[in-house]
Amino acid sequence: MPSNLSKFIKLSCKNYSHLWIDSCISAAMGLGLDCLEESLKIYSTVYIASLLINRRKLTKDVIIRTILGILQSSAFLSMTAFNYSANICALNRILGGMNIWTVSFLPSFLSNLIAIIIEKPTRRTLLCLYVSNIATETLFNMGVWRGYFPSMPYGQTYIFAASITVLLYLHRTKRINQDSVYNIIRFVIGPYEQFQNCNQETKHLQTTTCTESSDSNQECKRHTFNIILKSFEIYKQIINNLKNKYKHWSCPHPHSCAHYILMSGIKLFSYGYGIQVAIKLILQSPNIFKRPKHIKNILFKKQYLNIATFLGGFSTLYKLTLCSLRRTYDKDSPKFAIPAGLIASIAFIAFPNNTLALYFMWKGLHLIWNEGVEKGIFPEFKWFVIFLYSFSTAVLFHAAIVEPQNLRSSYWKFLYTASGGRIATISRSCLEPFGMNSNKYLQEILVKTNTTDQHTFLF
């Protein structure tokens, strides 16, 4: 357990943060250059992928803006690394030593406070949400490790249920939903469950024309083709029968409730499973040609089925609850999104993911705060995003140095790669007076993530 947290130790920054060189400036430059090299790789991939996803035409202006964006974002990340190393040394020289706050947290907070201003304002909120997501999980792990509160089974499911319920309610009450999270919601629950006058009757003409084409002139020569054709006709007949079932007058969707609920769940399950399998088959195509039996492992991978079950189950339960409530109360209401969201969240048990749960939590808090600012309930803090980003990143840098066992492994790997391995070479042995066993936990995380603290640097 942590102890001696108020202890102040006299420590040379060379023996702590840059064992391989005497000069503090050279050490900061080395970390900055390593980070710049990795940043150019990361942001080149991010910006090019964004161009492909948005299908932007490659004009001269678009190419120039993309290159400038890559350089600007890379400058932001490399400046974070340079300032972090420089601040450790500067604070050590000014204070004549280090305490638990100045070994990593305060240097990181100050470096991020400056560096984030370099980044595009449009990207700051996204970065803030990303690091706040991981920092929340890290703070929770710190609390559990210290014994402040117990580990909560299905904790991520409770967080997801509360967060998605808030977002679904806002989705039904706000006329304009331009945030990116609403695109995800519309993909899962469809276009019919958004803002509308829920007390006004919605009329839908259920014109389901069943055109049965009989190609008597073209008789199939193969029996198998006849079976496939017959199966397709039976499927089509079942779907048309489902469409023509009863639909309550207050339901905003076309066709019957049974068709609306079942087809939505099947479609989302198919998307969730099919997209993952397709991507994996493309990536593993060389191995599949060598070992055809490998395709069976891909098709029946449990993780893919879990994600598909979550998506299909969530959509099915949500729409089933909404249609049931409309029939029970003989009206539609935005408030129905609350019980529907809570019941649908049961499907999250099939795919309990901390990242997803915390993403929706921070998105929900962000939108509630913006709603409060618009209505004058909350004050507007102009620099809040910058402050929250700097604080969250400082928490992550603190954990990486002092208590790496509480940091998410994927983020440790990111810091390790971005720093050229320097994050692992900072001496944790010097921090033993704080009683955190940092060196012991560093060795554990190195083994867990297959990284090493044995590096040679020129500067």
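## Exercises: a pocket and a helix pair

**Exercise 1.** Sort the lining of the largest pocket by residue class, then work out where this lining comes from.

*Solution.* Start with the classes: the lining residues split into 29 nonpolar, 12 polar and six charged. Keep in mind that you are working with a predicted model. Next, take the total: 47 residues line this pocket, and I42, Y43, F76, R123 and L127 are the ones nearest its centre. Now assign the lining to helices. At least two lining residues come from each of α2 (24–54), α3 (60–95), α5 (121–146), α15 (384–402), α16 (409–418) and α17 (422–425). Of these contributions, α2 gives the largest share, with 12 residues.

**Exercise 2.** Describe how α5 packs against helix α14 (residues 354–374), using angle and axis distance.

*Solution.* Begin with the geometry. The two helices pack at an angle of about 125°, and their axes lie 9 Å apart. Because of that angle, α5 counts as oblique to α14. As for handedness, α5 and α14 make a right-handed crossing.

**Exercise 3.** List the residues through which α5 and α14 meet, and classify them.

Notes. Residues numbered from 1 in each chain as written. Predicted model: local features only at pLDDT ≥ 70, side-chain atom pairs only at ≥ 80, totals over all residues. Heavy atoms only, no water. 1 Å grid on protein atoms, 1.4 Å probe; cavity = no way out; pocket = protein on both sides within 12 Å on 5 of 7 lines; lining within 4 Å. Helix = DSSP H or I, 4+ residues; strand = E, 2+ residues; numbered from the N terminus. Nonpolar A, V, L, I, M, F, W, Y, C, P; charged D, E, K, R; others polar. Axes fitted to C-alpha atoms, helices over the stretch in contact; angles between N-to-C directions. Parallel < 35°, antiparallel > 145°, perpendicular 65-115°, else oblique. Left-handed = near helix turned anticlockwise from the far one by under 90°. Contact = heavy atoms within 4.5 Å.
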